[in-house]
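Q: Before we look at particular elements, could you take me through this predicted model and say on what grounds each description rests?

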Amino acid sequence: MNSAPLPLSADTDSEVLDLIQALHQAEQRLEELTAGEVDTVADRGGRTLLLRRAQDRLRHSAAAKQTAILNALPAHIALLDARGIIVSVNEVWRGGGADVLEGPGYGIGINYVEICDNTVDDESSEGPRVAEGIRSVLAGRAKAFSIEYARASLAEQRVFLLTVTPLGEDSPNGAVVMLLDVTAERLSEGTLRVSELRFRQMAESIRDVFFLRSIDSARMYYVSPAYERIWGRSCESLYLNPESWLNAIHPEDREDALRKIVETQKTDFDLEFRIVRLDGEVRWINARGAPILNDAGEPYRTAGVISDITERKQAGIKIGRLNRVYAVLSQISALTVSARDRDDLFRQACRIAVEAGAFRTAWIGVIDPQTLEGKVVASHGGEEEYIEPIRLTVKSGTPDSERPACRALRLLKPIICNDIATDPCVITHREELLSRGYKSVACFPLTVAGRPDAVFALLATECHAFDEEEIRLLLELTGNISFALDHVEKRERLDYLAYYDELTGLANRSLFLERVAQYMRGALSGGHKLGLGLMDLERFKNINLSLGRPVGDLLLKQVAHWLTCNLEGANLLARVGPDQFAVVFPEVKSERDLERRIEQSMDAFVEYPFSLQDAVFHIAAKIGVALFPDDADDADTLLKNAEVALRKAKFGGDRYLLYSQKMTTMVTGRLNLETQLRQAIDREEFVLHYQPKVSLLSGQLTGAEALIRWNNPKTGLMLPGDFISILEDTGLIHEVGRWALHRAIDDHLRWRAAGLPTTRIAVNVSALQLRSRSFIDELRGALEADAHAAAGLELEITESLIMEDVRLSAAILKAIRAMGVSIAIDDFGTGFSSLSYLSRLPVDTLKIDRSFVNELTDGQQGLLLVSTMINLAHSLKLNVVAEGVETAGQFGLLQSLGCDEMQGYFFSKPLPRDIFEESYLTSHAAA
Amino acid sequence: MTRCAPYRFRLYVAGDAQNSAQALANLKVICREHLRDRHTIEVVDVFREPERALADGIFMTPTLVRLSPHPVRRIVGTLSQSQPVLHALGLGSPSV
């Protein structure tokens, strides 16, 4: 529509009015025709004939809408036409502002672009730039233009954002200018940046984790980077899965921690737990925080701080543990004084270690010094299935040798394993220990006098339970236990010595009597008999003397062992004297039954080959037995009566004897005899009788054997058989033997001095004398009295005594011979001499035992034996004497066999010195 | 009848004038009820494209043109009287 103004005149006015009238009518007509349902009607030329009402309404409503929108906006808005003239403004614009670019003076009809072009001052250079921006938008060169600039007023600085957008899309026929005060936004943005920076610095520098999350943990709003350092997991992983931090909680702490987390969801919380990092490291965590309330006062978020308290915790644990070890130490120190015995000590030590020391399990194993093996004797806090099968050894190379406990014993140093899962020192028993929840173990050897006596094992359920300081304390502790052990052991030893024989380990007399008394009560209530046997080893003194005491001790041990194995057991046995053992038979059915048992045992005993110094010995024994209640009412008397029976058995030929009343009298007699014998030496009641030896060839006296007699003032003259054994038992034999030797020498010298025939006198030497160290010296001393003394002396030594120790005998005999004393082997044929030995011994004479002489006339066998002996002796250039010649027949045979000398009743019985002197010396001298 | 035969409508309107807006609203209701998924509506604003309205011989708004199916039909008005309108568009039930 072209709106070029036309010149108006009066004529045209009426024409126009008519036309308008016609149009109006047409419009009305059209309105009627279309029933108001049509908005526009156009003519054929395309010119739209607007229905006025619709058009007005349209215009009105469109403008109203735009105005409302513009007025609603909080910005200054102005519409410019294509030339930049303001055609419309909103109420804000109209209300004015503080800036020159939007001042109230610049209302509708002003060219805003020109205004901007001219707004140049010191403070702002934006004017021309704004003008240029508007122009480019109006010209269609730019889709939009915006600029932000600051304006300082008296009070403050404000920031504005100016935007220019075109009106119409393709070919803009105007523009919208919008001016927004963004001071507040910019200001808050700036503050935000600063506070954000501060927050980040804080978040990234603080070593603790702090976080903000939804109350139900479903969303993580913020977590500080320390999370990655402590947890070893990325923060992103936590944002993606806000509950993933819970997964890291140590399995042992999880249940408890989760429960507390739920409990404290809406309250302040302060938790401690462990986490396991992805790299396996375990850390102690402290998480604390509080809920944040929303506007309604309901908790909806949680803010908190998480700290890594591992070091503090470890230090705390360590201090706690050391405190506990100190507690253990002091309690065990107290124990060293109070422990009653070994078992008590071990039990208490284990209990203290577990209860005060907070170890899961403690046990002590003991090593048997004989077998070098052992097992657990005390434990606390361990499962029986674990403790019971433990076997210990000090030896290496067995399946148990590599146990930490065994290594500790073997190496005599503590074996510490702080991580059972990885430490190679538990390689053999790792699975078992782990399956029982043990993480570390320490084994300390307990030594007594430097030998491994026991081992103390401590097991903990955490790794690294034993650090250097703790090991030091535990070493002190085990030292204390060792000390206590030594203490207890010494006390036990004293107790032991009071009741046991140290050599054999059998009960001693007092313990044995206690036991017998107990069995007696049992026998009384059971209505049966009880037997007590006392056993004496035969010839034990000889073994002790000839082979030495250590060998004798060895034999005693072997005998004790044999008895333990073959009789009723160690509890029924005792060693009651040097070579005496006692045995109690708690239940005896009858005397006959007991005898049978004793006989069987003695047969077995005699046959048993005892091994001493690589030689086999058979040991004989004699036993005396007494019965309860028959022979005594109390244990003491019972033992004494068994002793009486034993002595009787020893005097007689019986292997064993049961006690009878009259034995007591006899033994009492023997006791009296002992006393009398002691007095006999002082009272000079011993005398020597002499039995002459004569030459079979010439019948001449060749010598005499000195034989001891006891001139007992009460009973008269007693033969050696009645008292020699007592002299030997009491040791009086040395004194009496010395006396006999001196007396024989004296007699010889006296006879010689008297000019009587020089008769060599033979003196018997007993085993005890010969083995005595002082014998040679004594002999030398006796011979020194006179130069002729040696030539008049001959020593008779039994064959069996010589053969007991040939080498020793040879040495002694050589020493005797060196002094000029001649030597005769007595009782020849009863021992077991071998020819080779005999030839090496420095011997002058063989005396054939009377038993061979007795058998000489019984038959060919006896004759042959004696003949061989004589020939043998002669081939060794030995003089041969036959003993016990009683008949003329014997005399004749010996003469024919070429025997050199003889001695016996056939010629003369032993004679008192004076009679001998008179009968054989004086008379011959006279002759 | 082919069920899928598409109905193509073109509605000539005068901006968002009252009658035009009402006609568009009524047309959409009719299509939704009777021609679901088988119609297209093209709206031509005669203020924006006066040349096109002229070329199409449209002298009044709102005018609805049924372009297919043939024959082409024209209806002027707000399309408020639905029965005659449906009939005129060939959608009334008696004629179907």
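Q: What makes α23(A) and α24(A) a pair in contact, and which residues meet?
A: Contact requires heavy atoms within 4.5 Å, and on that criterion Ile724(A), Leu727(A), Glu728(A) and Thr730(A) in α23(A) meet Leu732(A), Ile733(A) and Val736(A) in α24(A). The residues of this contact comprise 5 nonpolar, 1 polar and 1 charged. The axes of the two helices lie 5 Å apart, at an angle of about 115 degrees.

Q: How do you know that the end-to-end distance of helix α10 of chain A agrees with its number of residues?
A: The expected span is 1.5 Å times one less than the number of residues, so the 13 residues of α10 (residues 251–263) of chain A should span 18 Å, and the 19 Å between the end C-alpha atoms agrees with this.

Q: Which residues of α10(A) are called buried, and what covers them?
A: The term calls for under 20% relative accessible area, and Asp253(A), Ala257(A) and Ile261(A) are buried in this sense; their cover includes α9, β10 and β11 of chain A. Residues three or four places apart in an α-helix point the same way, because there are 3.6 residues a turn.

Q: Why are β15 and β16 of chain A said to stand at the edges of their sheet?
A: The open sheet has 6 antiparallel strands in the order β15-β14-β13-β18-β17-β16 (chain A). β15 and β16 of chain A each have a single partner strand, so one side of each is left without a neighbour in the sheet.

Q: What makes β13 and β18 of chain A paired strands?
A: Pairing requires at least two bridges, and these strands have 6, in the antiparallel sense; Ala362(A), for one, has Leu458(A) in β18(A) as its bridge partner.

Methods:
Residues are numbered from 1 along each chain as its sequence is written. Chains are lettered from A and ligands numbered from 1 in the order in which they are written. This is a predicted model: local features need pLDDT of at least 70, side-chain atom pairs count only at pLDDT 80 or more; totals for chains, interfaces and linings use all residues. Side-chain values use heavy atoms; hydrogens and water are left out. Axes are lines fitted to C-alpha atoms, for helices over the stretch in contact, and angles run from 0 to 180 degrees between N-to-C directions. Helices (H or I, at least four residues) and strands (E, at least two) are DSSP runs, numbered from the N terminus. Ala, Val, Leu, Ile, Met, Phe, Trp, Tyr, Cys and Pro count as nonpolar, Asp, Glu, Lys and Arg as charged, and the others, Gly among them, as polar. Buried means under 20% relative accessible area, exposed over 50%, partly exposed in between (1.4 Å probe, protein chains only).
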